[in-house]
Amino acid sequence: MNHAAAHSDAVGAKLGMWLFLFTELLLFGGLFILYAVYLSRYPAEFAAGGKELNIFFGTANTVLLLTSSLLAAMAVTAMQQGKRRLVIGLIGGTLLCAALFLVNKYLEWSAKIGHGIWPGSPRLLAGAPGDSVFFSLYYLTTGLHALHVTIGAALLAWIGIRVKSGATHQGNYVALENSTLYWHLVDLVWIFLFPLLYLI
Amino acid sequence: VAHETTTPSKAERHAGHGPGRYFVVWALLIIFTITTVVTGRMDLGSVNLPLALTIATIKATLVVLFFMHVRYSTRLTWAVVLGALFWLGILLALTMSDYLSRGWIPQS
């Protein structure tokens with residue numbers, strides 16, 4: 001096996017992933033600008049909107065994503081040590097956290113929609129413009145984030161299958177590394193969304 | 001013989017570590033989360049938002065350095081990460097400096 005060639009490939013592939021994560025950062029950065037501008041315009045409405053969100057769901061989902069990030073990071077180390085079964089178990093744990101996160105998000109959104117809060121809903125249209133802006137940003141940012149959670153989980157599930165079949169192994173695991181990097185980015189975005197939406 | 005001809009990469013040397021360091025980082029992240037929830041529910045006036053963002057930045061730094069293994073990565077990775085943050089900083093700072101200073105000039 002040409003170890004040197006495989007190694008340099010992995011470095012290039014990881015660099016490509018980091019550059020992609022950079023573009024993701026700018027995507028969410030644009031949304032954070034929207035948030036900052038409207039926060040300075042409607043501080044009272046944003047504070048009221050934040051209090052209306054369910055802190056339990058927000059905190060639980062934060063803990064879930066941090067734990068999933070821990071498991072994903074451990075999966076990479078386990079792979080470096082050649083512990084294949086442990087890698088599969090850790091990916092499974094990460095996916096479980098991702099699924100619970102999405103279940104929480106579904107319950108949370110359902111409760112909000114049940115209270116008549118969705119972009120353009122009659123209740124929001126009758127209220128102050130700042131309320132509408134806050135909840136539109138809430139649905140936009142958490143929705144885009146949930147989409148990223150779904151994509152990240154799908155990637156990790158695919159890698160889990162590859163590890164099981166032996167296609168991704170101790171000698172070449174850059175696909176696992178890149179998928180976990182994506183997963184950590186999802187966690188990073190939530191680390192900022194959580195205080196900005198729930199604790200404002 | 002192979003051991004003499006190839007130098008182990010940083011990642012391979014890192015692989016020798018147990019999961020202990022990961023659990024410490026995770027525990028810190030949970031402690032910071034509890035802290036931000038508690039302080040976020042207190043009325044600290046204008047301190048609330050900067051404090052929440054500071055805690056979030058510390059948490060993000062921990063994730064990037066340890067979970068994303070940047071601490072053990074090549075200089076090129078460091079350059080991309082710092083470059084990305086610098087460019088994000090330009091995006092945020094220049095846009096906000098425009099928006100927040102618009103009222104300074106009287107409309108003619």
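Biologist: In this predicted model, is the crossing of α3(A) and α4(A) left-handed or right-handed?
Modeller: Helix α3 covers residues 55-80 of chain A and helix α4 covers residues 84-114 of chain A. Their axes come within 8 Å of each other. The handedness of the crossing of α3(A) and α4(A) is left-handed.

Biologist: Are α3(A) and α4(A) roughly parallel or roughly antiparallel to each other?
Modeller: The two axes cross at roughly 165°. Angles over 145 degrees count as roughly antiparallel. Therefore α3(A) and α4(A) are roughly antiparallel.

Biologist: How are α7(A) and α4(B) oriented to each other, roughly parallel or roughly antiparallel?
Modeller: Helix α7 (residues 174-198) of chain A packs with helix α4 (residues 48-67) of chain B, their axes 9 Å apart. The angle is about 170°, and the cut-off for this class is over 145 degrees. The two helices are therefore roughly antiparallel.

Biologist: How many nonpolar residues has the contact of α7(A) with α4(B)?
Modeller: From α7(A) the contact includes L188(A), I191(A) and F192(A), and from α4(B) it includes L53(B), V63(B) and F67(B). Two residues of the contact are polar and two are charged. The nonpolar count is 13.

Biologist: What parts of chain A does the pair of F32(A) and F192(A) tie together, and how many residues apart are they in sequence?
Modeller: F32(A) and F192(A) form an aromatic pair, 6.5 Å centre to centre, with 70° between the planes, which is edge-to-face. F32(A) lies in helix α1 (residues 3-41) and F192(A) in helix α7, so the pair ties together parts with a sequence separation of 160 residues.

Biologist: Is F192(A) buried, partly exposed or exposed?
Modeller: Buried would need under 20% relative accessible area, and exposed over 50%. F192(A) has a relative accessible area of 21%. That makes F192(A) partly exposed.

Biologist: Is the pair of F194(A) and Y198(A) stacked, edge-to-face or tilted?
Modeller: Both residues lie in helix α7 of chain A, four residues apart, about one turn of the helix. F194(A) is buried at 1% relative accessibility, and Y198(A) is buried at 5%. The ring centres are 5.6 Å apart and the planes at 40°, so the pair is tilted.

Biologist: How far apart in space are R75(B) and L94(B), C-alpha to C-alpha?
Modeller: R75(B) is found in helix α5 (residues 75-100) of chain B and counts as exposed at 78% relative accessibility. In sequence, R75(B) and L94(B) are 19 residues apart. Their C-alpha separation in space is 28 Å.

Conventions. Residues are numbered from 1 along each chain as its sequence is written. Chains are lettered from A and ligands numbered from 1 in the order in which they are written. This is a predicted model: local features need pLDDT of at least 70, side-chain atom pairs count only at pLDDT 80 or more; totals for chains, interfaces and linings use all residues. Side-chain values use heavy atoms; hydrogens and water are left out. Axes are lines fitted to C-alpha atoms, for helices over the stretch in contact, and angles run from 0 to 180 degrees between N-to-C directions. Angles under 35 degrees count as roughly parallel, over 145 as roughly antiparallel, 65 to 115 as roughly perpendicular and the rest as oblique. A crossing is left-handed if the near helix is turned anticlockwise from the far one by less than a right angle, and right-handed if clockwise. Buried means under 20% relative accessible area, exposed over 50%, partly exposed in between (1.4 Å probe, protein chains only). Contact means heavy atoms within 4.5 Å. Ala, Val, Leu, Ile, Met, Phe, Trp, Tyr, Cys and Pro count as nonpolar, Asp, Glu, Lys and Arg as charged, and the others, Gly among them, as polar. Rings of Phe, Tyr and Trp (its six-membered ring) pair if their centres lie within 6.5 Å; planes under 30 degrees apart count as stacked, over 60 as edge-to-face and the rest as tilted.
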